[in-house]
Amino acid sequence: MKSIVIIGTGNLAEIAIQYIRRDLKNDVVAFSVEKDYNTEKEFCGLPVINFEDLLHSYPPKTTELLIAIGPNKLSSVRERLYLNAKEQGYKIVTYISPRAHIWDHKNIGEGCFIFDGCIVEPETIIGENTVMWSGSIVAHHSNIGKHCFLAPSATISGKVKVKNNCFIGINATIRDHIIIEEKCIIGCGAVIKKNTIKNGVYSANGTTIYNYDSANTNV
């Protein structure tokens with residue numbers, strides 16, 4: 001059984017090691033970030049290795065990588081590190097929580113991270129290197145592209161196509177038969193009823209601020 005090095009030292013990396021230790025038998029032996037961003041010798045009690053030095057310290061024969069990078073720049077950083085690691089011969093860990101409800105694990109791409117409480121219904125494909133955070137739902141016959149990020153409780157209905165590098169925010173809803181074009185941002189609480197355009201940004205209506213003092217208002 002190979003050891004795991006987690007790529008990243010942010011919030012997702014800190015959470016990822018807890019999920020791995022809870023559900024997988026592999027040992028996590030180190031974290032790694034690119035040299036220009038490596039400002040820490042240790043993270044979560046483990047060494048932090050320059051990404052550029054991984055081949056020498058933790059080669060693919062003994063090590064698998066888990067990409068724990070968030071949706072920065074529409075997951076382009078996550079995508080770049082994933083592709084770079086693949087080119088170097090690494091297998092990328094696919095983590096699927098045993099508390100998620102996945103109809104067919106074979107339809108989950110390499111390098112995905114699927115949290116507790118997620119649902120993936122029949123005839124649905126989740127592209128490689130995609131994150132589904134807690135409670136997100138992808139209904140039947142839908143296709144989620146590569147390098148996407150679904151925030152908590154994002155809901156995607158049946159026969160939806162989400163293309164690569166999209167971000168779907170918290171509690172966003174996409175109705176059935178919709179196409180979300182590449183590199184779209186769907187903001188939290190947004191309801192999408194029509195096809196989007198490439199690089200589009202969609203949000204729910206802003207919260208209304210009322211001219212009341214909360215200290216003098218009964219709720």
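Tutor: Buried means under 20% relative accessible area. At 1% relative accessibility, C166 therefore counts as buried. Keep in mind that this is a predicted model.

Student: Okay, and is C118 buried or exposed?

Tutor: C118 is buried, with a relative accessible area of 0%.

Student: How many disulfides are there?

Tutor: The count is zero. A disulfide here needs two cysteine sulfur atoms within 2.5 Å. The closest cysteine sulfur to that of C118 belongs to C112 and is 11 Å away, so it is too far for a bond. C166 is in no disulfide either: its nearest cysteine sulfur, in C148, is 5.0 Å away.

Student: Switching to strands. What does β1 pair with?

Tutor: β1 (residues 3-7) is joined to β5 by five bridges, and the two run parallel. β1 also pairs with β2 in the parallel sense, over four bridges.

Student: Which residues face each other there?

Tutor: On the β5 side, I4 stands opposite E64, and V5 has L65 as its bridge partner. On the β2 side, I6 stands opposite F31.

Student: Why call β5 largely enclosed?

Tutor: Because five of the five residues of β5 (residues 63-67) are buried, the strand is largely enclosed by the rest of the structure. Both faces are covered, with T63, L65 and I67 buried on one side and E64 and L66 buried on the other.

Student: And β1, how many of its residues are buried?

Tutor: Four of the five, so β1 is also largely enclosed by the rest of the structure.

Student: What about the largest pocket, what's its volume?

Tutor: About 420 Å³. It is lined by 21 residues, and the closest to its centre are G8, I69, G70, N72 and V77.

Student: Which element gives the most to that lining?

Tutor: That's α3, with five residues. α1 (11-23), β2 (28-33) and α3 each supply at least two residues of the lining.

Student: While we're on α3, where does K73 sit, and is it buried or exposed?

Tutor: K73 is in helix α3, which covers residues 72-87. K73 is exposed, with a relative accessible area of 70%. As for its place in the fold, K73 and V201 are 128 residues apart in sequence and 13 Å apart in space, C-alpha to C-alpha.

Student: Now E34. Where is it found?

Tutor: E34 is in the loop between β2 and β3 (42-43). At 18% relative accessibility, E34 counts as buried, because the cut-off is under 20%.

Student: And what does its side chain contact?

Tutor: The side chain of E34 makes a polar contact with the side chain of R80, at 2.5 Å.

Student: Another loop residue, S97. Where is that, and what does its side chain reach?

Tutor: S97 lies in the loop between β6 (95-96) and β7 (101-102). Its side chain reaches the backbone nitrogen of R99 at 2.9 Å. S97 counts as buried too, at 2% relative accessibility.

Student: You mentioned β7. Which sheet is that strand in?

Tutor: β7 belongs to an open sheet of six strands, in the order β7-β9-β12-β15-β18-β21, with parallel pairing. The edge strands are β7 and β21 (191-192), and each pairs on one side only.

Student: How many bridges join β7 to β9?

Tutor: Two, and the strands run parallel; β9 covers residues 119-120. The bridge partner of I102 in β9 is V120.

Student: What's the order in the sheet of four strands?

Tutor: That open sheet runs β10-β13-β16-β19, again with parallel pairing. β10 (125-126) and β19 (179-180) stand at the edges with a single partner strand each, so one side of each is left without a neighbour in the sheet.

Student: Great, that's what I needed.

Methods
Residues are numbered from 1 along each chain as its sequence is written. This is a predicted model: local features need pLDDT of at least 70, side-chain atom pairs count only at pLDDT 80 or more; totals for chains, interfaces and linings use all residues. Side-chain values use heavy atoms; hydrogens and water are left out. Buried means under 20% relative accessible area, exposed over 50%, partly exposed in between (1.4 Å probe, protein chains only). On a 1 Å grid over the protein atoms alone, a cavity is a set of points where a 1.4 Å probe fits but cannot get out, and a pocket is an open set with protein on both sides within 12 Å along at least five of seven lines; lining residues have an atom within 4 Å of a point. Grid points are joined across faces, edges and corners, and a volume is the space filled by probe spheres set on the points. Two strands pair if DSSP finds at least two bridges between them. A polar contact is a pair of N or O atoms within 3.5 Å; within protein, one must be able to donate a hydrogen and the other to accept it, and residues adjacent in sequence count only if both atoms are side-chain atoms.
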